[in-house]
Amino acid sequence: MSPLLYYALPALGSYVMLSFFFLRRPRLLHTPWVPAFRPRLGAHRGGAGERLENTMEAMENAMAQRADLLELDCHLTRDGVVVVSHDKNLSRQTGVNRDVDSLNFEDLPLLKEELEVYFSPGRFARGADRHMVRLEDLFRRFPRTPMSVEVKERNEELIHKIAGLVRHYDRNEITIWASEKSSIMKKCKAANPEMPTSFTLSRGFWVLLFYYLGLLPFISIPEKFLICFLPTIINRTYFPFSRSRLNQLAAVVAKWLIMRKSLIQHLQQRGVQVVFWCLNEESDFEVAFSLGATGVITDYPTLLRCYLDSRGPPALAS
């Protein structure tokens, strides 16, 4: 054996043992986040499979099913109103080819009478309420209901108005900053650092890399939520790529990388709550909770409520 291997192998072995030890016992190195709430049932766009997405009727329906979290996206109108809408362009939702920021709030068109459920292709939602809603109206109507607010565009006015509304309605601890882009999340945290944050895409990739390198137990994690898609829905209800073979490959790779119970347990022990989206079948609920997820975000809050009630109260985290 060469001198290099003589020293390197014991060092590598010690590192692997320490990494594995602290992966299972992270509280020896880190003080876990204390959650202000635990979202078991999250309503995607207010429950877009049961009522027209992001309407007050959808939110009311989700709350009737005792939703713990309302998931939504926001954009800014021309007159500076923070409106709840997944899309910036209104074509899909209303049939009118205009961007939200090109219209005043009072001039926003009504939603279509029915909308296809994005994560359940071929299914449609309908509702009596076709009006788009202001974020402020939701804060007033549901003052203590946790919400995840996703910002999709780098609009500093929008970000600062959301941050201001959250402060005004005393919702700092129960409103989550969400964005796929780290550049946007940086501005969100600067606008209101008291709000909990979720992982961006790049931060999620870094956590996976640190996990497989054995470094995850030794790094700090400022985020309090990992809101992540469940890989098993790729190529079935979620199609990130236009080619079927790419979707099949993405499903296999993502499932192998993400669906690691030891990773989720480690994050949970550090106070990082793991929530999977967007799940619309009982079999997917079962997969998510068997992995140790805190909760699930769904288009069908009634279905998820029935599932949760049939399982009984959740076990307390150790």
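How much of the chain over residues 39-308 is helix, and how much is strand? The chain there is 36% helix and 17% strand.

## The model and its annotations

This is a predicted model: local features need pLDDT of at least 70, side-chain atom pairs count only at pLDDT 80 or more, and totals for chains, interfaces and linings use all residues. Residues are numbered from 1 along each chain as its sequence is written, and side-chain values use heavy atoms, with hydrogens and water left out.

Helices (H or I, at least four residues) and strands (E, at least two) are DSSP runs, numbered from the N terminus. The UniProt annotation "domain: GP-PDE", from an unreviewed entry, covers residues 39-308. The end C-alpha atoms of that stretch are 12 Å apart. The unreviewed entry also carries the annotation "transmembrane region", for residues 6-23 and 204-221. UniProt positions are given in the numbering used here, feature names are shortened, and annotations may be inferred rather than shown by experiment. Over residues 204-221 the chain is 56% helix and 0% strand. The end C-alpha atoms of this stretch are 11 Å apart.

## Helix H7

Helix H7 takes in residues 201-213. At 1.5 Å a residue, its 13 residues should span 18 Å. The expected span is 1.5 Å times one less than the number of residues. The end C-alpha atoms of H7 are 19 Å apart, which agrees.

Gly204, Val207, Leu208, Phe210 and Tyr211 are the buried residues of H7. Buried means under 20% relative accessible area, exposed over 50%, and partly exposed in between (1.4 Å probe, protein chains only). Seen down the axis of H7, the buried residues fall within an arc of 165°, so they line one face of the helix. The arc is that of the directions from the helix axis to the C-beta atoms. An α-helix has 3.6 residues a turn, so residues three or four places apart point the same way. Just after H7, Gly214 takes a positive phi of about 80°.

Asp73 lies in strand S2, residues 69-76. Asp73 is buried, at a relative accessible area of 1%. Its side chain makes a polar contact with the side chain of Lys152, at 3.4 Å. A polar contact is a pair of N or O atoms within 3.5 Å; within protein, one must be able to donate a hydrogen and the other to accept it, and residues adjacent in sequence count only if both atoms are side-chain atoms. Not counting residues up to four places away in sequence, Asp73 touches Val83, Val84, Ser85, His86, Glu150 and Lys152. Contact means heavy atoms within 4.5 Å.

Thr77 sits in the loop between S2 and strand S3 (82-84). Thr77 is buried, with a relative accessible area of 4%. The side chains of Thr77 and Asp79 make a polar contact at 2.6 Å. Beyond neighbours within four places in sequence, the contacts of Thr77 include Val83, Val100, Asp101 and Phe105.

## Cysteines

The structure holds zero disulfides (a disulfide is a pair of cysteine sulfur atoms within 2.5 Å). Cys74 is in no disulfide; the nearest cysteine sulfur, that of Cys188, is 11 Å away. Cys74 is buried, with a relative accessible area of 0%.

Cys278 counts as buried, at 1% relative accessibility.

## Helix H10

Asp284 lies in helix H10, residues 282-290. Asp284 is buried, with a relative accessible area of 4%. Leaving aside neighbours within four places in sequence, Asp284 is in contact with Leu230, Thr232, Ile233, Arg236 and Leu279.
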